[in-house]
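User: I'm new to this one and would like a close look at a single part: the place where the two chains touch. Could you walk me through that, with a bit of background on the partners?

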Amino acid sequence: MYKYASPKNFYALAGQLIPWLAGLTVLLLAVGLYLGLFVAPPDYQQGESYRIMFIHVPSAWMSLFVYVVMAAAGAAGLAWHTKIAEVLASACAPVGASFTLITLVTGSLWGKPMWGTWWAWDARLTSELILLFLYIGFMALQASIDEPRRAARAAAVLALVGVVNIPIIHFSVEWWNTLHQPASVSKVGTPSIHPSMLVPLLLMALGFKLYFFTVVLMRMRYQILEREKYSHWVAEVLAAEK
Amino acid sequence: MSAPSLFAAARGVFMRDVTVALRRSTDILTPLVFFTIVVTLFPLGVGPGPNLLRTMAPGVIWVAALLATMLSLGRLFSNDYADGTLEQLALAPHPLSILVLSKILAHWVLTGLPLVIISPLLALQLNFEDQHMWILVMSLLLGTPVLSLVGSIGAALTLGLRGGGVLVSLLVLPLYTPALIFGAGAVSARDLTEVHLSLLAAVLVLATIFAPWAAAAGLRISLD
């Protein structure tokens, strides 16, 4: 197990895992999308437009999940000074930010036909937007420090502060929202979800998760090469690539 | 020479910061003037209607206080970083987080407290009724220390970076949302004032415990 904490071994292992993960991702997303877009019946209230849920909901789940992974990796990097954890945290950020952005965009597209507005100061929308700001802050801090170790450690502290704050922010926004918006946004009631919709949703969620692992491993491989560019084994890898 | 006790060290840091700032009083006045200008700009932007201004007053004053605090975060550590004082503090035999807490306290006394003191004046300018003035002052009194505390984390992490000023706002402003919501909410939600103030106090307690610690960790990384 500890063997894979070394960048060289991790690089090789990730290289072996990526094709499998990528294949599974494509399979799950294809089946999930097919079941979701073609097989699942239209919703009795929302018609066809609810189908954006199959993208929106999994990416919303991922947006939080990735932040937690990022903060946990950051904490591990701070505690044990492991390079892999630092690389993982920094590889998570752009992926998580894009999930958050996808959530916001699809939510806004979904909101137009359902709520009649592109944007409502709904509690979940607002805290998702703040989450995006947290991701951007993380990436901006990391980008403005040249030395990779210091960048990783500073960003990790920020991610940990963020992870403590996310529940507080979410709770405060929810509180604020219930005060300011007495039922102006009447959310379409959520009846217990039928299996014909639940199955594609779960498949998509799993597919998104595997996509995340695939992309993060790819990003980590490049970052490892970049960080270790003066070491022997990277020279060998690059020579073999040529 | 034996090291001073923790309390003496913390008090020394506090007194030093206050003295240094008082010798250069423009540093204290700039955020105050900024605060006043921002509040003055709002009526010019949204129109002078007294009712509109009255409903907006708590939010406007809170956002302005937020921005003013944020702008003053730069001087929290940067001068000490430039002249090496900060490294001496990090080498001191006392926990850095406690010394950071006294620096934060000094920052609040020099920035937050003056904002609280002039806020009733600006509230009057926005036609804010006076019987609710104490709520506004109370919320700012509880909230501005949170702004200094949370802001210190951002200031510590961006120490010595290029473009630190803009970056610090990017890091810190999203973290300010709970304070803003509870603070401005205390004033605008009349029947729930106490709840908001209690929650704001809870945020203050949490921030007092954790923020100096995170800021100290950030400083150690920046000083590495």
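Analyst: Let's start with a term: pLDDT is the predictor's confidence in each residue, on a scale from 0 to 100. You'll want that here, since what you're looking at is a predicted model. For chain B the mean pLDDT is 90, with 99% of the residues at 70 or more. The model also comes with an ipTM of 0.88 and a pTM of 0.89.

Now to the contact itself. Chain B puts in 23 residues, and chain A puts in 24 residues. On the chain B side, the elements that give two or more residues each are α7 (133-157), α8 (164-172), α9 (177-188) and α10 (193-223). Of these, α10(B) has the largest share, with six residues. As for what kinds of residues chain B brings to chain A, the tally is 17 nonpolar, four polar and two charged.

And what about the partner across the way? Chain A has 242 residues, and 40% of them are buried. Within chain A, if you take the contacts with a separation of 6 or more, 80% of them are between residues 24 or more positions apart.

Back at the contact, then, the piece of chain B to look for when you turn the model is α10(B), which gives six residues to the side touching chain A.

Definitions and conventions: Residues are numbered from 1 along each chain as its sequence is written. Chains are lettered from A and ligands numbered from 1 in the order in which they are written. This is a predicted model: local features need pLDDT of at least 70, side-chain atom pairs count only at pLDDT 80 or more; totals for chains, interfaces and linings use all residues. Two residues are in contact if their C-beta atoms, placed from the backbone, lie within 7 Å. Helices (H or I, at least four residues) and strands (E, at least two) are DSSP runs, numbered from the N terminus. Ala, Val, Leu, Ile, Met, Phe, Trp, Tyr, Cys and Pro count as nonpolar, Asp, Glu, Lys and Arg as charged, and the others, Gly among them, as polar. A residue is buried if 20 or more other C-beta atoms lie within 10 Å of its own, exposed if 12 or fewer, and partly exposed in between; C-beta atoms are placed from the backbone.
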